[in-house]
Amino acid sequence: LIYCDEPIQKALVSNHDLEDDEVWMITKTAFIDFQVDLEPAGRIVIGLFGEAAPNTATNFAALIRGNYGGDSKFGFKGTRMHRLVPDFVLQGGDITNEDGTGGKSIYGETFNDEPMIHSHNASGFVSMANKGKPNTNGSQFFITLNRARWLDGKHIVFGKVLEGMDVIETINDIKADKDGFPNKLIVIEDCGLIKHKAYVLPEDSRY
């Protein structure tokens, strides 16, 4: 793999008036290596919809890269996936508290929603968690484990798992308590960006 070390530009932009190909444009690709109870659990690869959700994708890419602004704790590496609801979502990205109560973005504590173009219409979509109200995106994200269309219009879908759904399905089998806290330690052991040219996600990979 060729890892990308180009700087992340923090710029708030608009995603209005996109053509269909632009909606499905993968502008960056990220990898996450999971660890479960201190044992390697596999890698997933996520394509980011940088045209459809430019600000959200930029925030996620910066946190995947880590060490944002020279702060070694400003990133996803080493943080836990704190919530697992089987056949619904796997959630993480709380880079401050690691329990679902914290997180922050590269734009400040939170940033505003973007037009919500993509649907949670299958497993493997990557979307922003928020504080239960509009314009409260930080760093927390979730991966859908099934279709969840009722989340449409409430959370920004900004990516899709391209490789490693078998890893996600194995994690989905881990038990959790009534609040969704996993009974095993699920950690982002490593993560980063993979350098490539932007491309349109093929139709057979969209659902």
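**View 1. Lining of the largest pocket in the predicted model.** The lining of the largest pocket divides into one nonpolar, eleven polar and three charged residues (Ala, Val, Leu, Ile, Met, Phe, Trp, Tyr, Cys and Pro count as nonpolar, Asp, Glu, Lys and Arg as charged, and the others, Gly among them, as polar). About 150 Å³ of space lies in this pocket, and of the 15 residues that line the pocket, Gly 102, Asn 130, Lys 131, Thr 136 and Gln 140 are the closest to its centre. A pocket here is an open set of points on a 1 Å grid where a 1.4 Å probe fits, with protein on both sides within 12 Å along at least five of seven lines, and lining residues have an atom within 4 Å of a point. The model is predicted, local features need pLDDT of at least 70, and totals for linings use all residues. Residues are numbered from 1 along each chain as its sequence is written.

**View 2. Helix α2 and its surroundings.** Helix α2 (residues 54–65) has twelve residues and reaches 16 Å from its first C-alpha to its last, close to the 16 Å expected at 1.5 Å a residue. Eleven of the twelve are buried (under 20% relative accessible area, 1.4 Å probe, protein chains only), among them Phe 60, Leu 63 and Ile 64. After α2 comes Gly 66, with a positive phi near 80 degrees.

**View 3. Strand β7 and its partners.** On one side of β7 Phe 141 and Ile 143 are buried, as are Phe 142 and Thr 144 on the other. Strand β5 (residues 89–92) pairs with β7 in the antiparallel sense over four bridges (pairing requires at least two DSSP bridges), and Gln 91 has Phe 142 as its bridge partner.

Notes. This is a predicted model: local features need pLDDT of at least 70, side-chain atom pairs count only at pLDDT 80 or more; totals for chains, interfaces and linings use all residues. Side-chain values use heavy atoms; hydrogens and water are left out. Grid points are joined across faces, edges and corners, and a volume is the space filled by probe spheres set on the points. Helices (H or I, at least four residues) and strands (E, at least two) are DSSP runs, numbered from the N terminus. The expected span of a helix is 1.5 Å times one less than its number of residues. Buried means under 20% relative accessible area, exposed over 50%, partly exposed in between (1.4 Å probe, protein chains only).
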